[in-house]
Amino acid sequence: MNMSIRVPRGTKREPDVIEFQTLEETRTNDVVAALEKMHDGAPVSAKRIGEAVGISGHQTLIYLHMAAEEGRAKPVRTKNSDVTRGWVPGDVGASMSLADERATLAADTLARLYDGKPLSGRQVAEEMERPTGTVGRWLTHAETLGLVVRTETHRGWIPIGD
């Protein structure tokens with residue numbers, strides 16, 4: 001809701017209207033801009049967004065909820081819970097869970113590195129710059145999604161379709 005004032009011009013023509021944003025709109029825009037800049041595929045915490053903008057976490061949550069009402073931000077909740085894990089920009093697809101997103105990212109990395117020989121979880125983890133155990137869990141989830149397959153010896157991974 002922009003605020004406006006009418007400024008008389010000293011002539012008989014219609015006065016000029018100057019529109020400006022309210023503090024609420026300005027803060028909401030700042031919070032959304034910080035969220036969009038910080039989002040790298042994972043939800044961003046309200047605390048981190050607030051630190052970037054220079055406002056408290058509580059105020060940040062207020063502006064994030066306003067942005068959510070406008071469709072400019074989305075909360076990411078844990079499965080079967082109302083606990084918010086973080087926030088993503090409004091244009092990010094919410095169809096995948098966080099686990100599905102990470103599994104897809106690991107499978108995409110595996111497919112990009114695949115040269116005809118099975119790859120270890122460690123190789124994928126090094127490429128992703130993430131801990132080996134974490135990427136191993138992501139690859140296991142990717143296997144349940146049908147994106148990758150583990151070798152018979154369980155020592156390597158192959159992307160589906162190759």
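This is a predicted model: local features need pLDDT of at least 70, side-chain atom pairs count only at pLDDT 80 or more; totals for chains, interfaces and linings use all residues.
The protein has six helices and six strands. Read from the N terminus, these elements follow the order β-β-α-α-α-β-β-α-α-α-β-β. Of its 162 residues, 33% count as buried. Among contacts between residues at least 6 apart in sequence, 37% join residues at least 24 apart.

Helix α2 (residues 46-53) packs on helix α3 (residues 57-69) at an angle of about 100°, and the two axes are 9 Å apart. An angle between 65 and 115 degrees counts as roughly perpendicular, and α2 and α3 are therefore roughly perpendicular to each other. The residues that meet are A46, I49 and G50 in α2 and T60, L61 and L64 in α3. The axes of α1 and α3 come within 9 Å and cross at roughly 85°, which makes α1 roughly perpendicular to α3 as well. On the α1 side this contact is made by E24, R27, T28, V31, V32 and L35, and on the α3 side by T60, Y63, L64, M66 and A67.

Within α2, the buried residues are A46, I49, G50 and V53. They cover an arc of only 100° around the axis, which puts them on the same side of α2. This spacing follows the helical repeat: an α-helix has 3.6 residues a turn, so residues three or four places apart point the same way. The buried residues of α2 pack against α1 (23-38), α3 and β4 (84-89). The face turned away from this buried side carries the exposed residues K47, E51 and A52. Just after α2, G54 takes a positive phi of about 90°.

R72 is placed in the loop between α3 and β3 (73-77). With a relative accessibility of 27%, R72 counts as partly exposed. Apart from neighbours within four places in sequence, R72 is in contact with T28, N29, V32, A67, P89 and G90. R72 and A33 are 39 residues apart in sequence, while their C-alpha atoms are 9.8 Å apart in space.

Helix α6 (residues 132-144) has 13 residues and, at 1.5 Å a residue, should span 18 Å; its end C-alpha atoms are 19 Å apart, which agrees. T134, V135, W138, L139 and A142 are buried in α6. Seen down the helix axis, the buried residues fall within an arc of 135°, so they line one face of α6. R137 and T144, on the other side of α6, are exposed. The cover over the buried residues of α6 includes α4 (98-113), α5 (121-128), β5 (148-150) and β6 (157-159). Just after α6, G146 takes a positive phi of about 80°.

The phi of E129 is about 55°, although E129 is not a glycine. At 69% relative accessibility, E129 counts as exposed.

The largest nonpolar core has 16 residues, and those with the most contacts inside it are L110, V124, M128, V135, L139 and V148. Elements giving two or more residues to this core are α4, α5, α6 and β6. V124, leaving aside its neighbours within four places in sequence, is in contact with A106, T109, L110, L113, V135 and L139. Apart from this core lies another, of 15 residues, among them L35, V44, Y63 and A67. In soluble globular proteins, nonpolar side chains tend to be buried together.

R112 is found in helix α4. With a relative accessible area of 55%, R112 is exposed; the cut-off for this class is over 50%. R112 and V124 are twelve residues apart in sequence, and the distance between their C-alpha atoms is 9.8 Å.

Notes: Residues are numbered from 1 along each chain as its sequence is written. Side-chain values use heavy atoms; hydrogens and water are left out. Helices (H or I, at least four residues) and strands (E, at least two) are DSSP runs, numbered from the N terminus. The expected span of a helix is 1.5 Å times one less than its number of residues. Buried means under 20% relative accessible area, exposed over 50%, partly exposed in between (1.4 Å probe, protein chains only). The arc is that of the directions from the helix axis to the C-beta atoms. Contact means heavy atoms within 4.5 Å. A nonpolar core is a set of buried Ala, Val, Leu, Ile, Met, Phe, Trp, Tyr and Cys residues joined through side-chain atoms within 4.5 Å. Axes are lines fitted to C-alpha atoms, for helices over the stretch in contact, and angles run from 0 to 180 degrees between N-to-C directions. Angles under 35 degrees count as roughly parallel, over 145 as roughly antiparallel, 65 to 115 as roughly perpendicular and the rest as oblique.
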